[in-house]
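The exercises below concern one structure. Work through each task before reading its solution.

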Amino acid sequence: MIGAVLLFTLTYVLLSASLERRDRESLEQRLVQLAANYETLGLSGLKKALSVETRLRRSSPFFVRIAASGNLLVFREIPDQWSEFDLTPLEQPASTPPVPLFRLASPDGDQHLEVVATRLSDGTVLQVGKSTEDRDEFLALFVRAVAGAALPLAILGLVGSAFLGMRSLRPIRSLVETVRAIDSGAMATRVPAREAGDELNELALSFNRMLDRIASLIKGMREALDNVAHDLRTPISRIKGVAELALASNASPAACRDALADCLEETEQLRRMLDTLMDISEAETGTLKLHLGSVNVSDILATTGELYRYAAEEKATEISVAADDRLVIWADRCRIRQVVANLLDNAVKYTPGGGHIDIRASRKDGFVVISVTDNGVGIEPDELPRIWDRLYRADRSRSQRGLGLGLSLVKAVVEAHHGKVEAVSAPGSGSRFTITLPAADSA
Ligand code: ADP
């Protein structure tokens, strides 16, 4: 609307200036023509020509005034429609040459008589004038036409933009309402879905997705906190029990030392548990510091296999390692070793005597796939999805040592390396844990 007003004003100013220039030109032409007539025909010839013209009304009317030296009126012709003009100012020297244009206001001030003048060869002053009436009327008509068209357009524009504004802000309003509702405690509130596939709808969907993710993180944290609280209680109670027993009885220094050693062991377990929990949280949130470098997978498998060989042999379990020598990944060597060690530790733990553990690594479509297979106790199908949860331990493994954090750490570290983990298992026949990591050349 501001643009339209500016455009209209500019048009008005240009139009008015151009009409004024045209009037001025026609005045000057008429002056030149009448002066020439006077010079050739004399005053009487000029008067005759003017009266013929007035009768025939061939051209637009002009005001004509001729004054002898001293500005004494000799002849005057003024069209009837301009008769209300008070012409006395024309008797002033201010209206005679060299003044280029003299303006005379009508009594009501609505219009002006514009007068140009020239001095003829005999000293006579010839004044020719024209009213601005036509010009003013034309400009007034122009203003009326533009205003007549602009007013409905302006109303339509205002109503239309208010309507569109309200419509397009509706999703923002529902977003604001959702945020307010969440702020006042209604955590399950979501932004209502709309059909439109525009950016605001995308924003609402992303916002809902973000809320879902936050809700699941909060739920996960709450569960983890419950589990931690629960799992801390047992070792702390044990420490307390051992210490109380040592204090209450009249125990010998040796028995007290044993109690202290027990306490130390429990404390060490607690510390390990808290460290592992911290590592898992950091790996999951992406804040775990990874010292990346190229890591030869067969080296890791061989050294870790060797590390567990003794523990396996004690249970008459065999470990076999088969890995291509050229398998290289871009990873944190210590963390990957920890991952393989956790899998191998579980395999040895959950495989009864006389079993077999097979560690393999191969390359598949730009990825290195490492698998640890055992023929141990296996995992129940309903427990399988939960083994990756923090502090989860299947019922049948309660008899074994463990914190229920090994696989959570495996998953978090592998995913921090942009890899994935998988487990397949059949109760009684064994399990296979597979980790897939990007190969160094494609990582
Ligand atoms: P834990 O300290 O109990 O071994 P993990 O997180 O390493 O904790 O494993 C979680 C659970 O997954 C274990 O308690 C066990 O029930 C099951 N599990 C893991 N590895 C094996 C396996 N190789 N064979 C059978 N069960 C397994």
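**Exercise 1.** Is aspartate 365 buried or exposed?

The model is predicted, so local features need pLDDT of at least 70, side-chain atom pairs count only at pLDDT 80 or more, and totals for chains, interfaces and linings use all residues. Residues are numbered from 1 along each chain as its sequence is written, and side-chain values use heavy atoms, with hydrogens and water left out.

Step 1. Locate the residue: aspartate 365 sits in the loop joining strand E9 (356–364) to strand E10 (367–374). Helices (H or I, at least four residues) and strands (E, at least two) are DSSP runs numbered from the N terminus.
Step 2. Its backbone has a positive phi of about 45°, although aspartate 365 is not a glycine.
Step 3. The relative accessible area of aspartate 365 is 69%, so the residue is exposed (buried is under 20%, exposed over 50%, partly exposed in between, with a 1.4 Å probe and protein chains only).

**Exercise 2.** Where is alanine 316 found, and what is its relative accessible area?

Step 1. Alanine 316 belongs to the loop between helix H5 (297–314) and strand E7 (318–323).
Step 2. Its phi is positive, about 55°, and the residue is not a glycine.
Step 3. At a relative accessible area of 55%, alanine 316 is exposed.

**Exercise 3.** Which residues in H2 meet H3?

Step 1. Ser168, Pro171, Ile172, Leu175, Thr178, Val179 and Ile182 in H2 meet H3 at Leu200, Leu203, Ala204, Phe207 and Leu211, contact being heavy atoms within 4.5 Å.
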